[in-house]
Amino acid sequence: MKLNLDAKYYVAPQHFESEREAIFNKTWQLIGPSSSLMHSGDYVSEDIAGARVLAIRSRDGKLRGFRNVCRHRGALLLNRGEGRCHTLRCPYHNWLYDDAGNLINAPWFADDEDLNLDEWHLESISIEIWRGLVFVCIDPRESLIHQLGAIVGELEDVPVQDYLCTHSEKLSFDGNWKIYTDNFVEGYHIPGIHPEFYDAIHFDQFETEAKVGYVKMTAPAKKDLFYKGRWYWMWPNWTLSLFEGGINTSRINPIDHQHTELIYHFYFNDDSDETQALREDIIRQNLAVVKQDFQICIDTHKNYASGGYQPGPLSPRHEQGVGYFQQRYRDSVHPGSF
Ligand code: FES
Ligand SMILES: [Fe+2]
């Protein structure tokens, strides 16, 4: 019988540091739709487990990724969010970079000694688009396609790149990101935590399968349900759920070892005014289900932190996704030590 991961991995700050190094710096991270980066100068500034990054469509048409860190004394160049700009002026001492990351001016730096601007280019990171979704990676160890694994084939029937992103939202709660991930990759908690959702599906037919790079959960709907009955989680921290005429994606982003944020994007095949109320209703219902999970995660985190929990058994029927995530986690962060 597989046992749950030891509580110390969720609550000790030093494990979060290891995760930043072994997982968040080295894996491809979903930052949003490519529609946000269509035009020259469009940028998205994001956070990856505390690492500040930016993606920008340069004047030459190329999409580039950088650390959002000034090469002078490390100030943040762009606040988090989206926008459009052709130069990046550091707010601290006014160093100026172009949209390809070149330092083009360092005003008032020296009177008699020239600074070689070419030596102080912004630090580049890797960036790729897969089916209209933008991923960045600070220090890749494998290609995006390799990381995506079998989800590439699995989602062939879902027109991901044709949907329009109509809404994004950030949610946060006080708990470790892996507690939330454990929760996302099992439907075992649906009767206890999501009673309305439970009433709307044939829970006895709920299925969970762990595949290469992803966990798939399915359940037939009994009655009107905004979900289409297919939910996915992808290693290491993004999700995709199907609605009628749309999808959402989310990224599970640790703020630190005991705070987590979820960055949701909602996509639909129709963004007309006529369907606006319907879209808003789907988003509202979806986020209500997401928020129902927060309190159980917060309290579970507290129990793990208290020292009062020894790992319990994982259900072979319902928790193979939990087992899969935790095994990938062990292999990535603590290879050979389990
Ligand atoms: S830190 Fe950016 S100009 Fe000084
Ligand atoms: Fe849930």
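This is a predicted model: local features need pLDDT of at least 70, side-chain atom pairs count only at pLDDT 80 or more; totals for chains, interfaces and linings use all residues.
1. Now look at where the domains touch. Here 12 residues of domain 1 are in contact with 15 residues of domain 2. On the domain 1 side, α2 (13-24) and β16 (246-256) are the elements that give two or more residues. β16 has the largest share of that side, with four residues. Sorted by class, the domain 1 side has five nonpolar, five polar and two charged residues.

2. Next, the inside. The largest nonpolar core has 72 residues, and Leu54, Ala55, Phe135, Val136, Tyr232 and Met234 have the most contacts inside it. Both domains contribute: this core draws at least three residues from each of domain 1 and domain 2. Apart from it there is another core, of five residues, including Ile190, Phe197, Ile201 and Phe206.

3. Which residues does Met234 touch, leaving aside its neighbours within four places in sequence? They are Leu148, Ile151, Gly213 and Tyr214.

4. Seven strands form an open sheet, in the order β11-β17-β16-β15-β14-β13-β12, and the pairing is antiparallel. At the edges sit β11 (164-173) and β12 (207-210), each pairing on one side only. From one strand to the next, the twist averages 15 degrees. As a reminder, strands of a sheet pair through backbone hydrogen bonds, either parallel or antiparallel.

5. Zoom in on one pair in that sheet. β11 and β17 (residues 259-268) are joined in the antiparallel sense over nine bridges.

6. Two helices deserve a look. Is helix α5 (residues 177-184) mostly covered or mostly uncovered? Mostly covered: seven of its eight residues are buried. The buried ones are Trp177, Lys178, Ile179, Tyr180, Thr181, Asp182 and Phe184. The other helix, α8, lies across β11, β15 (238-243), β16 and β17, and runs at about 25 degrees to β11.

7. Finally, pick out Gln285, which lies in α8 (residues 276-292). Why does Gln285 count as partly exposed? Because it has 16 C-beta neighbours inside 10 Å, while a buried residue needs 20 or more and an exposed one has 12 or fewer. Gln285 and Gly213 are 72 residues apart along the chain, and 28 Å separate their C-alpha atoms.

How values were computed
Residues are numbered from 1 along each chain as its sequence is written. Chains are lettered from A and ligands numbered from 1 in the order in which they are written. A nonpolar core is a set of buried Ala, Val, Leu, Ile, Met, Phe, Trp, Tyr and Cys residues joined through C-beta atoms within 7 Å. Domain bounds come from an automatic or database domain assignment. Two residues are in contact if their C-beta atoms, placed from the backbone, lie within 7 Å. Ala, Val, Leu, Ile, Met, Phe, Trp, Tyr, Cys and Pro count as nonpolar, Asp, Glu, Lys and Arg as charged, and the others, Gly among them, as polar. Two strands pair if DSSP finds at least two bridges between them. Axes are lines fitted to C-alpha atoms, for helices over the stretch in contact, and angles run from 0 to 180 degrees between N-to-C directions.
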